[in-house]
Amino acid sequence: CSSDLQELRLAGLLASMASGPGVVDAAAIFELATIAGARALGLSDRIGSIEEGKAADLVALTSDAPVASGGGSIYTRLVYGTRATDVRHVWVDGHQVVRDGALTTLDLEDTMARADAARHQIAARLGIDLDAD
C-alpha cells in the first residue's frame, strides 16, 4: 500500500514536471490507478471501482491523516497528502489484512524466529561464528 501511495504522488509530480502544474489533476491520477487501470487490463467488469459484484481492495486511513482535513479536493489530499503511516486498515478482496496498522496475515514473532534460524544456518554453512565478537 505504501508503494501505491508513493506511485500516485510520483505520477502527479512527474506529470507536473513534464507538462506543467495542473495538466493532470489529482482526480485523473486517482482514476488511472483505479478504474482506468482496470480498463487497460480488460478487467473493469471485475475490479477498479466499488460496485456490487466486483472484487475490491479497500484502505481506511486514520482521521489524523492530512487527507481528513485541509483544503483542496479529496483527490488532491489522497494523492499528495496520504502517507503509509496514515493507513489503519486494509481489506484485500474482502479479507482484512491490516488492522490498526498491523498485518493480520503475518505472525511477526514466528517470522523473525524463522529468519534468525535461517541466518544461523547460512552462517554455519559459510563457517561464520555469529556469536564471536
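The legends below describe views of a predicted model of one protein chain.

**View 1. Secondary structure of the protein chain.** Five helices and four strands make up the elements of the chain; helices (H or I, at least four residues) and strands (E, at least two) are DSSP runs, numbered from the N terminus. Read from the N terminus on, their order is α-α-α-β-α-β-β-β-α. The radius of gyration is 20 Å, well over the 14 Å that the globule rule gives for 133 residues, so the chain is more spread out than a compact globule. Here the radius is taken over C-alpha atoms, and the rule is 2.2 Å times the number of residues to the power 0.38.

**View 2. Extent and burial.** The C-alpha trace spans about 60 × 40 × 35 Å along its principal axes. Of the 133 residues, 20% count as buried, that is, under 20% relative accessible area (1.4 Å probe, protein chains only).

**View 3. Charged side chains.** The protein chain carries 11 positive and 19 negative side chains, with the centres of the two sets 4 Å apart. Lys and Arg count as positive and Asp and Glu as negative, while His and the chain ends are not counted. Each charge is placed at NZ of Lys, CZ of Arg, CG of Asp or CD of Glu.

**View 4. Confidence of the model.** The average pLDDT (the predictor's confidence in each residue, from 0 to 100) is 87, and 94% of the residues score at least 70. Helix H1 (residues 2-19) has the lowest confidence, at a mean of 83, and helix H3 (residues 35-40) the highest, at 94.

Residues are numbered from 1 along each chain as its sequence is written. Side-chain values use heavy atoms, with hydrogens and water left out.

Definitions and conventions
Predicted model: local features only at pLDDT ≥ 70, side-chain atom pairs only at ≥ 80, totals over all residues. Buried < 20%, exposed > 50% of the residue type's maximum accessible area, 1.4 Å probe, protein only.
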